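These are my notebook entries on one protein chain. I set down what I looked up, entry by entry.

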Amino acid sequence: MAYPCYFDADKTVAEGRRMPKEKCIKGVNIHHLMIGISKVLKVPSKMEIAAKHPRDFFGFGRCRFRLHDMSGNFANEKIMTKKDLFKALCDNWEDVLKEYNEILEKQKAVVEERKKQIEEK
């Protein structure tokens with residue numbers, strides 16, 4: 001499982017950060033992790049919004065993932081351990097942020113469309 005605080009450049013190691021500060025980004029949330037793990041790295045994952053890291057009381061969410069299926073085949077042949085997944089995620093932040101921003105833009109467009117529909121009524 002992975003918590004957002006593992007990859008937050010604003011956190012210290014004592015606050016739960018697990019990766020080097022240079023490879024982390026500021027303001028990581030559970031949605032960044034889900035996009036990175038499930039869409040970019042293609043590892044099956046599940047979001048648990050209500051979960052909290054013990055050292056990050058105000059941060060919500062964690063991502064559970066399966067590195068291999070029931071028969072023992074890896075979901076992504078390049079990722080065999082949790083540490084490999086964390087390193088791969090840090091190496092792909094640009095793709096994750098691009099995908100995240102595209103999703104936000106789509107959501108904003110839907111909201112604007114709904115506002116127009118409400119105003120027309």
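**Entry 1: Proline 20**

I looked up proline 20 and found that, at 37% relative accessibility, proline 20 counts as partly exposed; buried means under 20% relative accessible area, exposed over 50%, and partly exposed in between, with a 1.4 Å probe and protein chains only. Proline 20 lies in the segment before helix 1.

**Entry 2: Basis of the values**

I record that this is a predicted model, in which local features need pLDDT of at least 70 and side-chain atom pairs count only at pLDDT 80 or more, while totals for chains, interfaces and linings use all residues. Residues are numbered from 1 along each chain as its sequence is written, and side-chain values use heavy atoms, with hydrogens and water left out.

**Entry 3: Overall layout**

I found three helices and two strands in the protein; helices (H or I, at least four residues) and strands (E, at least two) are DSSP runs, numbered from the N terminus. Read from the N terminus, the order is α-β-β-α-α. Along the principal axes, the C-alpha atoms fill a box of roughly 55 × 35 × 25 Å. Of the 121 residues, 36% count as buried. I then looked at contacts (heavy atoms within 4.5 Å): among those between residues at least 6 apart in sequence, 54% join residues at least 24 apart.

**Entry 4: Helix 1 against helix 3**

Two packed helices are described by the angle between their axes and the distance between the axes. I took helix 1 (residues 30–40) and helix 3 (residues 93–120), whose axes come within 9 Å and cross at roughly 110 degrees. Helix 1 is therefore roughly perpendicular to helix 3. Here axes are lines fitted to C-alpha atoms, for helices over the stretch in contact, with angles from 0 to 180 degrees between N-to-C directions; 65 to 115 degrees counts as roughly perpendicular, under 35 as roughly parallel, over 145 as roughly antiparallel and the rest as oblique.

Helix 1 contributes His31, His32, Leu33, Ile35, Gly36, Lys39 and Val40 to the contact, and helix 3 contributes Trp93, Asp95, Val96, Leu97, Glu99, Tyr100 and Ile103.

**Entry 5: Cysteines**

How many disulfides does a search of the whole structure find? I found zero, a disulfide being a pair of cysteine sulfur atoms within 2.5 Å. The sulfur of cysteine 5 is 10 Å from the closest cysteine sulfur, that of cysteine 24, and so too far for a bond. Cysteine 90 is likewise in no disulfide, and its nearest cysteine sulfur, also in cysteine 24, is 5.1 Å away. Cysteine 5 counts as buried because its relative accessibility is 2%; cysteine 90 counts as buried at 8%.

**Entry 6: Two loop residues**

Most residues other than glycine have a negative phi. I noted lysine 42 for its positive phi, near 60 degrees. Lysine 42 is found in the loop between helix 1 and strand 1 (45–53) and is exposed, with a relative accessible area of 59%.

Is asparagine 76 buried or exposed? I found asparagine 76 buried, at 18% relative accessibility. Its place is in the loop between strand 2 (56–65) and helix 2 (82–91). Leaving out residues up to four places away in sequence, asparagine 76 touches Leu41 and Val43.
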